[in-house]
Amino acid sequence: MEWNVTCPRCGFSGLGRRVLPGSEGLEKILWLLLILPGLTYHSWRVMNARTGCPRCPWDGSRPAEAE
Ligand SMILES: [Zn+2]
């Protein structure tokens with residue numbers, strides 16, 4: 001997994017922080033309801049995790065690029 005980032009916002013370069021998509025609250029509810037939805041949702045969040053900047057709120061999303 002790629003942990004080193006160069007932040008396009010503040011220019012920070014180094015070890016990034018992990019940013020999980022989705023909602024932690026929703027995940028807790030799913031865990032409480034049943035193990036399976038919680039596990040599935042958790043897996044989805046981890047699979048889609050990005051590496052963000054530890055210094056500013058940048059969440060690892062790339063600046064607008066034409067794809
Ligand atoms: Zn930054």
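Helix axes are taken here as lines fitted to C-alpha atoms over the stretch in contact, and angles run from 0 to 180 degrees between N-to-C directions. On that basis, in this predicted model, H1 and helix H2 (residues 35-47) pack at an angle of about 150°. Their axes lie 7 Å apart. Angles over 145 degrees count as roughly antiparallel, and H1 and H2 are therefore roughly antiparallel to each other. From H1, the contact draws on Leu-26, Glu-27, Leu-30, Trp-31 and Leu-33. From H2, Pro-37, Gly-38, Tyr-41, His-42 and Arg-45 take part. By type, the residues of this contact divide into six nonpolar, two polar and two charged.

The helix pair belongs to a protein with two helices and four strands. Read from the N terminus, the order of elements is β-β-β-α-α-β. The protein has 67 residues, of which 6% count as buried. Contacts between residues at least 6 apart in sequence were also examined. Of these, 59% join residues at least 24 apart.

Confidence was considered next. The mean pLDDT of the protein is 84. A score of at least 70 is reached by 90% of the residues. Strand S2 (residues 13-15) has the highest confidence, at 91. Strand S3 (residues 17-19) has the lowest, at a mean of 85.

Glu-27 lies in helix H1 (residues 24-33). It has 18 C-beta neighbours inside 10 Å. A residue needs 20 or more to be buried, and 12 or fewer to be exposed. Glu-27 therefore counts as partly exposed. Beyond its neighbours within four places in sequence, Glu-27 is in contact with Gly-22, Gly-38, Tyr-41, His-42 and Arg-45. Gly-38, Tyr-41, His-42 and Arg-45 are also among the H2 residues that meet H1. Glu-27 and Leu-39 are twelve residues apart in sequence. In space, the two are 8.6 Å apart, C-alpha to C-alpha.

Arg-18 is placed in strand S3. Its count is 13 other C-beta atoms within 10 Å, so Arg-18 is partly exposed. Once neighbours within four places in sequence are left aside, Arg-18 is in contact with Ala-49 and Thr-51. Cys-53 is 35 residues from Arg-18 in sequence. The C-alpha atoms of Arg-18 and Cys-53 are 8.5 Å apart.

Only a count of 12 or fewer makes a residue exposed. Ser-61 has 10 other C-beta atoms within 10 Å and is therefore exposed. Ser-61 and Pro-8 are 53 residues apart in sequence. Their C-alpha atoms are 9.5 Å apart in space.

Terms used. Residues numbered from 1 in each chain as written. Predicted model: local features only at pLDDT ≥ 70, side-chain atom pairs only at ≥ 80, totals over all residues. Contact = placed C-beta atoms within 7 Å. pLDDT = per-residue confidence, 0-100. Parallel < 35°, antiparallel > 145°, perpendicular 65-115°, else oblique. Nonpolar A, V, L, I, M, F, W, Y, C, P; charged D, E, K, R; others polar.
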